[in-house]
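Open the model in your viewer and keep a selection tool ready.

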Amino acid sequence: MRMDHTSQTSRTRRSVLGAGIAAAGSGLLAACSSDGRVHHGSPGAPAANTPDGFVAPSDSEVDAAHPEPVGPLRKHTFTATPTAVELGAGRTFRSWTYQGLLPGREVRITAGDTLSLTLANHLPVATTVHWHGIAIRNDMDGVPGVTQRPVKPGESFDYRFAVPHPGTYWFHPHMGVQLDRGMYAPLIVDDPREPLKYDHEWIIVLDDWIDGVDGSTPDDVLAQLRHGKPAMGHGGEHEGHEDDGQGNGKPDGPLGAGGGALSSAPAQDGKAPSPSPYRGKGPRRLMTGAHSELLGGHAGDVAYPYYLINGRTADDPTQFKAKPGDRIRLRIINAGGESAFRVALGGHELTVTHTDGYPVRPYRTDALVIGMAERYDALITAKSGVFPLVALAEGKKGRAMAVLRTGSGAVPPPSAHPAELDRKVLVSARGLVPDESVAMSHRRYDRLIKITLTGNMKKYDWGIDHKPYDPDVRHTVERGERVRLVVINATDMWHPVHLHGHTYTLAGIDSHGARKDTSILLPHHKMVADFDADNPGLWMLHCHNIYHSESGMMTTLAYRRRRR
C-alpha cells in the first residue's frame, strides 16, 4: 500500500451499453481563434504546463482510456449572455445566463450517446463549462488553466464527449464565482434499461440568488468576505466585468452587464448582513447567526435576498400538475453557491432512489438535506390536492417553494412549512446503500491520500493543508489503483466536497456506502472514500461552496504517466 499526502482520485464505472459506448470523450478539443470561430482537431497550446511524468489533459493515455465514441451524436448550442431575469412577483434583475433562461434549458440524452455542445461566449469576460458528475475525458472538464484555456469573449468552444452513465447531472461555469450568477442547467441522462416505473418527472433546481439585487454581484460578495484580498481559485483576471475585471463594474445603462438591478425588493427573512471592514460597490451581504444542528453548527456567511426553485421565488412559485395516484420522479439539484437546503413535499413521503446520479436501495424519508452541487432522485405517489414543495435554506431561515397541484385549491402561502421538514431527515447520504449494479468490489486500497480542510470564517482563509490553492501542488495516483481518500475537516464549518472525473463510495468499517461525487462533510469530521483510478488526467478536488473554493480550498489530483 502506498501512502501519498500529495495524491489522486477515481470512480468505479457502470457499464451501460458495452465498453465501446461507455467510453467518454471525442479525442478532439476545440481551439478557438480570436474571430470567435471554433476549430476542431489539435488543441493548440496546452491549457497548463503539465510537468514531466504526469498525464496531460489531451495525452495519449487519455485517448486510450476514452476511445472515439460510437453512440448517436446529440448536438446543442448554448450562448452565455448578459440578460434580464424575472424571479417572480415582478422582480427583474440583470445577470448572466445560458440562452436568457433561468435555469438553463434542460439537456437530455441517453447513456451511451455522444454530446456535442458548442458554448458561444457573449459575456464581457472569459468562461468555461464544467460537466458536474460526468466521467468524461480530461480535456472536456472545463477547468481553466488546468484542462482547457478559458473561452474568451466572442469565442466559442466545442465540448464533445460520450456520456457513459445514466443519472441526474448538471453543468455550470468553473471560472471564479460565475456559478453564483444564473449560468447553470440540468443534464439528464436517461437509462435505456430504466428499472423504475413512474408517470412523470419533475426536475427541481434549487438556488440562492444575489446577482443584480441592489447592484450586488458575486464578485463583490467575495471581496467582502475576503476583506478585499484577491481570489485564490480559478477566477483571477478572467473574472468580472469589462470596466475593472473584478465583477464590481457599474451597470452600463438600465440593463448593464455589471449586474445592475432593473427593480428591487426587500430581502427575504434571515439575519441582516453584519458590518464588514471592506465596502464594495454593492450593499453588504455578510450575515451572522446562521446555525444548523444538521450541518454541525455554522451554516453560512452570505445573506442571500432570495431563494429559488426553478428560477422563481416562494411568493410566485412554479406549479407542477399531475393526477392523484400518479407516480412522480423528483430530480433535485442544488445549484446554489453557498446554501444547503432542507427539502420536503407537504403530505408526502419521499423514497430516495439515487444520489449524484447513481442508484441506491430505496430509502424512505420525510425530508432531505442537499448540499451545493449534490443531487437526489426520489419517487412520490401524488395525493389529491395542492401541496407545497419547500426548500428551507438550512440554517439561514429563508426558503424557496414550488407547488404540486393534483386538484383544486389555493396556492400555499410563501411561509408554508410542511410538518415533514421536522420529521425524519436524510443528511450526508447516511444510511444509503448502493444498488448492486453499481456497488464497488471489495478490495484493499493501493494508495492512501490524506488531506485536511483548513481555515476559518473570520479570516476567510480557506485552504487545504493550511495553504491556498497552488496549481503546482498535485496529489499523485496511478491508473489501475484502488485509492482511499481521507478528507479531514479541521474547520468549524461544513463543506460540500467534490471530486471531478470520478465517483467514489463512502467507505464504512464493513461495507461501502452510496456512490457519490459530492458529499457534505461536517465540521471536525472526516470523510473516508474509495475510488478506482480509471480516468487519467488532472482532476480537481475542492469545496463546492463557491466562495470557499475561490478563497483557496481546492487542489489537483494528477495521474502519473505510465512507464513505456
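Select L206, which stands opposite N334 of strand 17. This is a predicted model, in which local features need pLDDT of at least 70, side-chain atom pairs count only at pLDDT 80 or more, and totals for chains, interfaces and linings use all residues. Residues are numbered from 1 along each chain as its sequence is written, and side-chain values use heavy atoms, without hydrogens and water.

Next, show strand 12 (residues 200-209), joined to strand 17 by 7 bridges in a parallel run. Strands are DSSP runs (E, at least two residues) numbered from the N terminus, and two of them pair if DSSP finds at least two bridges between them.

How many residues of strand 17 are buried? In strand 17 (residues 327-334), 7 of the 8 are buried, so the strand is largely enclosed by the rest of the structure; buried means under 20% relative accessible area with a 1.4 Å probe, protein chains only.

Move to S428, R430, L506, K526 and M527, which lie nearest the centre of the largest pocket, among 18 lining residues. A pocket is an open set of points on a 1 Å grid over the protein atoms alone, with protein on both sides within 12 Å along at least five of seven lines; lining residues have an atom within 4 Å of a point. Strand 31 (504-507) and strand 34 (526-532) are among the elements giving two or more residues to this lining.

Technical notes. On a 1 Å grid over the protein atoms alone, a cavity is a set of points where a 1.4 Å probe fits but cannot get out, and a pocket is an open set with protein on both sides within 12 Å along at least five of seven lines; lining residues have an atom within 4 Å of a point. Helices (H or I, at least four residues) and strands (E, at least two) are DSSP runs, numbered from the N terminus. Buried means under 20% relative accessible area, exposed over 50%, partly exposed in between (1.4 Å probe, protein chains only).
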